[in-house]
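Colleague: I would like to go through this model feature by feature. Please take the chains one at a time, then the places where parts meet.

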Amino acid sequence: MNYMFERKATDFRDIENQTPVIIAEDISVRRNERFILRNISLVLHQGERLGLAGPNGSGKSTLLKVLSLLIPPSSGRLTVLGFMGDGRSSVTVRRKMSIVFQQPTTLTGSVLQNVSIPLRMRGLSAREATKRAYEWLKCFDLEKLAFQRIHTLSGGELARLQLARAFAMEPEILFLDEPFAAVDATSRSPLKALLREILAKNKVSLLLISHDFRDLLDLTERTLVLLDGHIVAQGKTQTLRIQSPLVREIFPE
Amino acid sequence: MELIWEGLKGAFKFLFHGDPEIREITLLSLRIAAWAIGISSAIGLPLGIALGVSTFRGRDFLLTLANTGMGLPPTVMGLWVAIVLWRTGPLGGLKLIYTPTAIIIAEVILTVPIIIALVAAAASDKKAKLHDFFLSLGLNPLQYMWLLLREIRSSVLTAIIAGFGRAISEVGAAMMVGGNIAGETRTLTTAIVLEVSKGEFDRALAISFVLLALSFSITAFITHLQYQQNLK
């Protein structure tokens with residue numbers, strides 16, 4: 001499924017030379033005297049797919065929120081798509097990103113409205129919004145449920161809806177926080193394959209949090225491991241388990 | 001028992017023949033309630049959302065004030081409004097005492113706290129759940145408010161039902177600031193009190209049936225709207 005909105009294609013053979021879309025330098029997040037994140041530095045390049053792993057409470061979700069400009073960092077420098085992330089309002093940049101949260105977020109109404117309303121908010125006409133929303137529902141095999149009320153959806157259907165909505169907004173950066181938690185094992189592989197395809201076709205950058213290392217293996221090239229708010233390991237997802245005893249501890253198999 | 005039976009018979013006779021005085025009283029009550037609800041919603045909705053969503057220092061205090069306002073005894077409030085509006089009072093020059101407008105003012109003061117409190121509670125609750133999501137959609141402040149309002153539609157209707165209920169059943173304040181003047185400020189509730197004090201139980205019962213029917217049908221209608229919205 002291609003984005004309907006034209007974007008400049010870029011050459012992907014050499015990731016190192018790609019434009020950085022997120023640059024975080026020595027980011028820290030403090031809340032009430034406690035450090036939730038400390039000295040986080042990372043770069044996400046255009047089209048790159050980065051995993052974020054770590055035990056509960058390590059700060060993964062907070063880091064995702066900082067990088068997606070939902071929470072300003074307490075210190076450090078953050079640049080997202082050329083924009084300084086220091087707490088100032090960033091409606092334009094936020095519209096280039098999509099987030100799928102751990103807890104599904106829904107609007108009252110039909111399944112279709114859940115995708116079309118955010119599009120209308122972005123200035124699409126009613127007709128365009130409905131059309132695009134429907135196309136993306138179809139992409140995720142939800143078109144038959146288009147006019148059903150949102151509260152009738154199963155966990156797996158809701159998860160697919162979150163993804164459909166996220167992609168319908170044609171983001172340059174996609175943030176996923178445990179997107180497959182409610183998806184059953186058999187449906188996961190085809191869904192991940194679909195995700196890979198959409199990401200590749202549209203050169204979308206990805207930040208993925210998952211407890212399941214297989215998700216990280218399937219969808220990311222590199223992974224960062226957080227522990228107590230610090231980055232304790234990072235590297236190619238494929239070789240990370242071999243490289244780092246800590247990772248093996250967090251993800252026993 | 002005899003009293004009740006005679007009263008019921010008389011009531012149906014009045015209603016059947018369409019007593020013009022009762023009709024006039026009914027229309028006045030409706031007019032007053034409509035204005036009261038309209039004005040309190042116009043004031044209470046935006047204030048309620050603003051308080052529910054914001055995080056400034058005095059917020060909790062203002063919310064407590066609104067909640068306290070809900071429990072304000074209408075008769076006491078009516079007394080204070082009457083004192084202010086009396087010809088010898090501070091706003092006496094406006095000549096509002098003993099007019100329907102005075103009743104509307106009293107009812108607005110009684111209903112606004114209800115609407116603010118209920119809307120603020122709903123807005124605050126929804127905001128907690130949806131704030132990050134709304135931010136991530138890249139909504140500007142106006143869109144944020146609109147979408148939030150859309151999500152609390154059901155609670156807004158509940159607030160309006162509660163407010164309407166209070167307004168239509170108001171009697172103490174309506175008496176004091178309105179004066180229960182025939183043809184001018186006699187509402188369904190004040191008329192009932194009058195008829196009972198005259199011993200005219202059948203008229204009182206007739207009026208009470210009208211009030212019941214009105215209250216029930218309007219509340220049922222708004223509740224129906226709620227269920228339509230609620231099949232989320």
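Colleague: Among contacts in chain A between residues at least 6 apart in sequence, what percentage join residues at least 24 apart?

Modeller: Bear in mind that this is a predicted model. In chain A, 63% of the contacts between residues at least 6 apart in sequence link residues at least 24 apart.

Colleague: How many helices and how many strands does chain B have?

Modeller: Chain B has ten helices and zero strands, so read from the N terminus its elements run α-α-α-α-α-α-α-α-α-α. The C-alpha trace of chain B spans about 65 × 50 × 25 Å along its principal axes. Of its 232 residues, 37% count as buried. Among contacts in chain B between residues at least 6 apart in sequence, 78% join residues at least 24 apart.

Colleague: How should I read the packing of two helices?

Modeller: Two packed helices are described by the angle between their axes and by the distance between those axes. Take helix 5 (residues 100-136) of chain B and helix 6 (residues 141-151) of chain B: they pack at an angle of about 130 degrees, with their axes 10 Å apart. The two helices are therefore oblique to each other, and their crossing is right-handed.

Colleague: Which residues make that contact?

Modeller: Helix 5 of chain B contributes Ala123(B), Lys126(B), Lys127(B), Leu130(B) and Phe134(B). From helix 6 of chain B come Tyr144(B), Leu147(B), Leu148(B) and Glu151(B). By class, this contact has six nonpolar, no polar and three charged residues.

Colleague: And the interface: how many residues of chain A are in contact with how many of chain B?

Modeller: The size of an interface is often given as the accessible area lost when the parts come together. Here I can give residue counts: 16 residues of chain A are in contact with 13 residues of chain B. On the side of chain A that touches chain B, helix 2 (91-94) and helix 3 (111-121) of chain A each supply at least two residues. By class, that side of chain A has eight nonpolar, five polar and three charged residues.

Note on methods:
Residues numbered from 1 in each chain as written. Chains lettered and ligands numbered in written order. Predicted model: local features only at pLDDT ≥ 70, side-chain atom pairs only at ≥ 80, totals over all residues. Axes fitted to C-alpha atoms, helices over the stretch in contact; angles between N-to-C directions. Helix = DSSP H or I, 4+ residues; strand = E, 2+ residues; numbered from the N terminus. Parallel < 35°, antiparallel > 145°, perpendicular 65-115°, else oblique. Left-handed = near helix turned anticlockwise from the far one by under 90°. Contact = placed C-beta atoms within 7 Å. Nonpolar A, V, L, I, M, F, W, Y, C, P; charged D, E, K, R; others polar. Buried ≥ 20, exposed ≤ 12 C-beta atoms within 10 Å, placed from the backbone.
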